[in-house]
Amino acid sequence: MNLDIVGFAAINEDRIKYLDKPVKEHEAFSPERLGKLPYDERFLGGSVVNTIVGLTRLKLNVALIGKLGNDESAKFLQAQLEKYNVKFYAPQVEGSSSIAYIEVGNNKQRSIRINPGVNDTITWNDIRPYSDLIKNAKLVHMASFACAFNRYESLLTEAKISKTARKASFSPGTLYCKYVRQKNPDPIMEILQNTDILILNREEAEELSGTSYQEAADKLIQKHGIEILAITLGDKGGIVADKNECHLIPAYKVRVVDTTGAGDAFTTGFLYGYLKGKKLEECGRLGNKVAAYCIQRKGAIEGLPTEKELLSDM
């Protein structure tokens, strides 16, 4: 089976608890079993997961590869992936699936505890049965794993995938660009050297390049031999560049409800355009358009458009 895109993913469950008291903004990894704590809402989550759901909705032939535990959270995540018609290949093993436990205070601040569970333990042997999917896909899309408690198995597997894939797109996120790169830089550098499409936000571009985001495109393309670089700029739109051209693409003006997952939505539209053979500037516009749809609804997934919506006038 030859796919358009395979996503190699940290598959997460986000559990939300609303508190009638203020909380301090905080994020930390936790070894405790977060699945036993009370919650009010829960959602399917993860950067690559959001993008793959979006591409499924846009009728591309895609699949997701990850890892799940043997717990109740895994059942929920499987049901959610099935709900969104995502083909997924996720071996279940002893252990807990990844949970982000998010306490939202009445001051609108969030305190987040994350137990990545089996997400950080994906080895090449785990995904070897799916290696032909990776080798034959037109593109493999990857993002960050938590690498909590110095567990780097999934990161090392990403590095191997980047060498195996025909083409690779990479959204390393702040976690890799700012933190993991300081502790274990070699696998991330290896992935960058094998990346064809690199997608960053402004802060990540400046962190990786050591310069302003305006100058980051040329520097990163030359340093890593990247085919295409996209830098998202929030309500200012985004920059898309290759070795021959660079465009500033303005954002669509829409009523913003929730910016969660906006970057993943941009990636959805951009990769859709790329695989449809669109010109670079049009890929950037499609990325911004999917992001504009996304931020008009609550959450990272519910606002993602259909192909008909994407290709119509907003």
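Buried means a relative accessible area under 20%, exposed means over 50%, and partly exposed lies in between, computed with a 1.4 Å probe on protein chains only. This is a predicted model, in which local features need pLDDT of at least 70 and side-chain atom pairs count only at pLDDT 80 or more, while totals for chains, interfaces and linings use all residues. Residues are numbered from 1 along each chain as its sequence is written, and side-chain values use heavy atoms, with hydrogens and water left out.

**Salt bridges overall**
- A search of the whole structure finds 16 salt bridges, each being a side-chain nitrogen of Lys or Arg within 4 Å of a carboxyl oxygen of Asp or Glu.
- A network of salt bridges links E13, R15, R42 and E72.

**Between helices (DSSP runs of H or I, at least four residues, numbered from the N terminus)**
- R181 and E207 form a salt bridge through their side chains, at 3.8 Å from N to O.
- Because R181 lies in helix 6 (residues 173-183) and E207 in helix 8 (residues 202-209), the pair ties together parts that are 26 residues apart in sequence.
- R181 counts as buried at 17% relative accessibility, whereas E207, at 32%, counts as partly exposed.

**Within helix 8**
- E206 and R202 also form a salt bridge, with their closest N and O atoms 3.7 Å apart.
- These two residues, E206 and R202, are four residues apart in helix 8, and so are separated by about one helical turn.
- E206 is partly exposed, with a relative accessible area of 27%, and R202 counts as partly exposed at 35%.
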